[in-house]
Amino acid sequence: MSAPRLTALPASSFRRTPWKNGGGVSTDIADCYRPDAAPADWDGVIWRLGRTRIVTPGPFSDLTGYERLQVVISGRGLVLVTPDGEIDLREPLAPVRYDGGTPIVTRLENGPVEVVNLIADRALCDIALAVLKPDEPAELPPGLHLLYAPDATATGDAGGHPFAIEAGDALRIETDAPCRLLVTKGIALLATIIRRDA
């Protein structure tokens, strides 16, 4: 069984990308584009993990064809208003999943918030987003995993390899076999991307 491959992703390496609708800017923690696409070209995104601040109510970008996972990491009171009802993101650290093509207008009930988004072309990828707290182990399936420490240092172990992620940094974990992940200090967001076309 091969060991997981761990690669540090410092915040200094993150890219800043305008929202598709031009209403703000996202800090891209990690991403993947089609070979013929330029970085930050929305039409070429296969998957993207990013952090963004929402300061005023407004419409979300149309991401038809993409699966979208989102979690509030700072602030509270975010509601996504859709034609079919509300998507409740009022509480922090509670990820939700929805269709990226859903027409959405944000409502901020208690001021600005910061969120982390994981999006992926649903024809190419299966994705998941979880919040890991100390001493709550997770079993990673074969694939790509991104561990992000949003506000404080996170330490732990991935498949027998200890790690420490400084606040605002991330860790890329690639594994060919199931792998046990344990956070021992701090809170980390775990993004999982499994390519169907790999």
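User: Which residue stands opposite Leu-140 in β17?
Analyst: Cys-179 does. Bear in mind that this is a predicted model.

User: How many bridges join β12 to β17, and in which sense do they run?
Analyst: Three bridges join them, and the two strands run antiparallel. Strand β17 covers residues 179-185.

User: What sheet do they belong to?
Analyst: An open sheet of four strands, in the order β12-β17-β14-β15. The pairing is antiparallel.

User: Which strands stand at the edges there?
Analyst: β12 (138-140) and β15 (161-165). Each has a single partner strand, so one side of each has no neighbour in the sheet.

User: And how are neighbouring strands of this sheet turned against each other?
Analyst: By 30 degrees on average, with direction ignored.

User: What follows β15?
Analyst: A loop lies between β15 and β16 (170-175), and Asp-169 is placed in it.

User: What is Asp-169 in contact with, beyond its sequence neighbours?
Analyst: Leaving aside residues within four places in sequence, Asp-169 is in contact with Leu-9, Pro-10, Ala-11 and Phe-14, and also with Leu-147, Tyr-148 and Ala-149.

User: What separates the C-alpha atoms of Asp-169 and Ile-87?
Analyst: 28 Å. Along the chain, Asp-169 and Ile-87 are 82 residues apart.

User: Switching to the sheet of three strands. What is its order?
Analyst: β7-β6-β9. This sheet is open too, with antiparallel pairing. β7 and β9 stand at the edges. Each of these has a single partner strand, so one side of each is left without a neighbour in the sheet.

User: Which side chains of β9 are buried?
Analyst: Thr-106 and Leu-108, which point to one face.

User: Why does Thr-106 count as buried?
Analyst: Because its relative accessible area is 6%, and the cut-off for buried is under 20%.

User: Which residues line the largest pocket?
Analyst: Thr-106 is one of them. Others include Trp-19, Asn-21, Arg-53, Ile-54, Pro-57 and Phe-60. By class, the lining divides into six nonpolar, five polar and one charged residue.

User: How much space lies in the largest pocket?
Analyst: About 150 Å³.

User: And cavities: how many of 30 Å³ or more?
Analyst: One. About 250 Å³ of space lies in the largest cavity.

User: Which residues lie nearest its centre?
Analyst: Trp-19, Trp-42, Thr-52, Arg-68 and Asn-117, out of 20 residues that line the largest cavity. Trp-19 also lines the largest pocket.

User: Which strand gives the largest share of the lining of the largest cavity?
Analyst: β4, with five residues. β3 (25-33), β4 (45-54), β5 (66-74) and β10 (113-121) each supply at least two.

User: What is its make-up by class?
Analyst: The cavity lining has nine nonpolar, seven polar and four charged residues.

User: Where is Ser-61, and is it buried or exposed?
Analyst: Ser-61 sits in the loop between β4 and β5. Ser-61 is buried, with a relative accessible area of 12%. Beyond four places in sequence, Ser-61 is in contact with Trp-19, Lys-20, Asn-21, Arg-68 and Gly-100.

User: Last one. Is Pro-83 buried or exposed?
Analyst: Exposed, with a relative accessible area of 62%. Pro-83 is placed in the loop between β6 and β7 (85-89). The C-alpha atoms of Pro-83 and Pro-103 are separated by 7.0 Å, and the two residues are 20 apart along the chain.

Key
Residues numbered from 1 in each chain as written. Predicted model: local features only at pLDDT ≥ 70, side-chain atom pairs only at ≥ 80, totals over all residues. Heavy atoms only, no water. Buried < 20%, exposed > 50% of the residue type's maximum accessible area, 1.4 Å probe, protein only. 1 Å grid on protein atoms, 1.4 Å probe; cavity = no way out; pocket = protein on both sides within 12 Å on 5 of 7 lines; lining within 4 Å. Points joined across faces, edges and corners; volume = space filled by probe spheres on them. Nonpolar A, V, L, I, M, F, W, Y, C, P; charged D, E, K, R; others polar. Pairing = 2+ DSSP bridges. Axes fitted to C-alpha atoms, helices over the stretch in contact; angles between N-to-C directions. Contact = heavy atoms within 4.5 Å.
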